Amino acid sequence: MFIYIKDKMKTSLEQFSKEDHGIYKKDIDPDVITVSDILINNGFQAFLVGGCIRDILLNKKPKDFDIATDASPSVICKLFNNARIIGRRFKIVHVYVSDKKYFEVTTFRSDARKKNNEKKFKKTHGMIKRDNVFGTISQDAQRRDFTINSLYLDLDSENLHDYVGGINDIKNKKLKLIKKPSISYQEDPVRMLRAIRFESKLNIRLTEECSSSIKKMSHLINNVSPFRLFDEILKIMHSGKGVEGYLKLREHDLFKYLFPYTNNILIIDEKYNDFFMAALKNTDIRINDGLHVNPSFIYAVFLWPYFKEMEETSPDVKDFDSIFRRVIESQAKYISIPDFFKSTIFTIWSLQSSFLNLSSRNIQYVKELSKFRAAYDFFHIRSLIEPDLKEYAHKWYEIQKSVKSKKINRKHNRNGKRKSK
Ligand code: ATP
Ligand code: MG
């Protein structure tokens with residue numbers, strides 16, 4: 001069933017009935033239905049939008065469910081006892097359904113660029129810094145990034161609303177920006193990183209124009225706040241498709257703006273590329289097996305060549321601490337690194353020399369350290385590209401196996417005791 005409605009913005013709406021789009025309530029978290037029912041019963045609209053609809057249509061399990069509504073943030077807060085407005089850039093409401101579980105509810109917004117004067121945009125490199133101008137659903141559809149992220153499931157009628165041709169792109173496995181790439185990446189350069197993440201994670205193709213524009217505009221990524229970049233890079237590296245993500249960041253010239261110091265070393269010595277690939281493969285396997293990954297690890301990996309180079313070539317900085325500080329401080333101008341991450345990176349790197357000491361006293365000490373596992377994994381990956389480390393890595397492989405089996409035994413004993421109570 002198709003209904004075409006022309007609105008003021010000259011966008012056409014295609015509506016798909018339940019039988020056509022094939023999304024049923026069983027695919028949807030019942031708690032999100034409860035939240036949307038409250039909005040609907042109070043006379044407001046409630047749509048599921050974004051990643052959840054895209055993922056269900058691509059036969060993937062959605063990570064979370066986001067609601068879009070015509071109720072304003074303050075009204076949403078009045079309707080729910082446990083709701084909190086968050087965000088500076090965008091005002092979003094978190095509606096809590098239990099202590100830890102919440103849904104993001106956003107009010108329809110219009111394109112902030114149209115409402116603001118052009119001078120203001122020039123000052124901010126054409127980027128949209130704030131975007132809290134409320135609008136209609138069709139305006140909301142236009143301000144999103146990709147067509148496949150702009151599909152709205154009406155939780156009242158159960159029809160799916162498509163203002164931007166997203167359904168067609170889902171069918172053709174096409175990742176396409178809603179606006180012209182030159183405008184869209186300028187407005188928000190993070191969309192270049194999102195493009196790379198979705199392309200790898202969802203196994204779909206970025207259109208030629210959206211892809212080739214990234215290289216032309218990659219330098220704009222340095223206009224983005226280092227805090228936002230930290231989140232986005234981690235999302236790419238922890239998507240389970242980190243290898244692909246990393247290769248695409250390099251291919252599209254984004255890596256050189258994100259990790260400029262590391263990139264300068266890679267240009268001269270590609271051996272570190274093998275190190276990155278091995279580390280990312282390891283992370284992908286762990287993530288796809290549902291195992292824990294230490295988020296600091298990947299930063300320890302990407303900054304290692306720079307650290308080594310500083311160690312070898314800076315006669316003025318001698319001690320480990322000051323080299324470490326210099327490396328982190330220079331990189332943090334591009335991508336922020338939270339303190340908690342810094343301390344783990346520090347431990348991973350500082351333990352590397354300990355793996356060269358095979359005295360029983362040192363082994364006993366190192367294997368009991370809390371970050372032993374991460375530091376050992378790091379050393380093991382280094383040994384894949386540094387032949388001198390192979391022998392040591394082999395010995396530590398045996399040592400860590402015994403640590404692992406002891407831990408498993410301890411866990412079994414604890415569980416056994418609990419059961420027998
Ligand atoms: P996932 O949650 O799987 O990472 P997602 O598409 O849901 O993917 P979110 O960051 O949760 O990503 O954003 C929710 C929705 O908000 C997106 O689907 C998109 O419609 C919109 N959105 C997010 N980031 C941007 C952006 N930078 N520019 C425009 N729209 C965006
Ligand atoms: Mg999401």
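Student: How many nonpolar, polar and charged residues does the shell around ligand 1 have?

Tutor: Good place to begin, and keep in mind that this is a predicted model. Sorted by class, the shell around ligand 1 holds residues of three kinds. Among the 16 residues around the ligand, Arg 54, Arg 144, Asp 188, Arg 191 and Arg 197 come nearest.

Student: Which element gives the most to the shell around ligand 1?

Tutor: Let's start with where the ligand is: ligand 1 sits in the largest pocket. Two elements give two or more residues to the shell, α3 (51-57) and α10 (190-202). The one that gives the most, with 5 residues, is α10.

Student: Which residue has a side-chain N or O atom 3.0 Å from an oxygen atom of ligand 1?

Tutor: Let's go through some polar contacts. A polar side-chain atom of Lys 63 is 3.1 Å from an oxygen atom of ligand 1, so that pair falls within the 3.5 Å cut-off for a polar contact. Asp 145 uses a backbone N or O atom instead, 3.2 Å from a nitrogen atom of the ligand. The residue at 3.0 Å is Lys 201.

Student: How much of the accessible area of ligand 1 does the protein cover?

Tutor: Think of the ligand on its own, with 580 Å² of accessible area. The share of this area that the protein covers is 86%.

Student: What is the volume of the largest pocket?

Tutor: This is the pocket that ligand 1 sits in. It has 45 lining residues, and those closest to its centre are Phe 90, Ile 92, Glu 104, Arg 194 and Lys 235. The volume is about 1,400 Å³.

Student: Which element gives the largest share of the lining of the largest pocket?

Tutor: By class, the lining has 14 nonpolar, 6 polar and 25 charged residues. Elements giving two or more of them include β4 (66-69), β7 (102-107) and α12 (226-237). The largest share, 6 residues, comes from α10.

Terms used. Residues numbered from 1 in each chain as written. Chains lettered and ligands numbered in written order. Predicted model: local features only at pLDDT ≥ 70, side-chain atom pairs only at ≥ 80, totals over all residues. Heavy atoms only, no water. Near = heavy atom within 4 Å. Polar contact = N/O pair within 3.5 Å; in protein donor to acceptor, adjacent residues only side chain to side chain. Areas by Shrake-Rupley, 256 points an atom, 1.4 Å probe, with all protein chains shown as cover. 1 Å grid on protein atoms, 1.4 Å probe; cavity = no way out; pocket = protein on both sides within 12 Å on 5 of 7 lines; lining within 4 Å. Sits in = over half its atoms within 2 Å of the grid points. Helix = DSSP H or I, 4+ residues; strand = E, 2+ residues; numbered from the N terminus. Nonpolar A, V, L, I, M, F, W, Y, C, P; charged D, E, K, R; others polar. Points joined across faces, edges and corners; volume = space filled by probe spheres on them.
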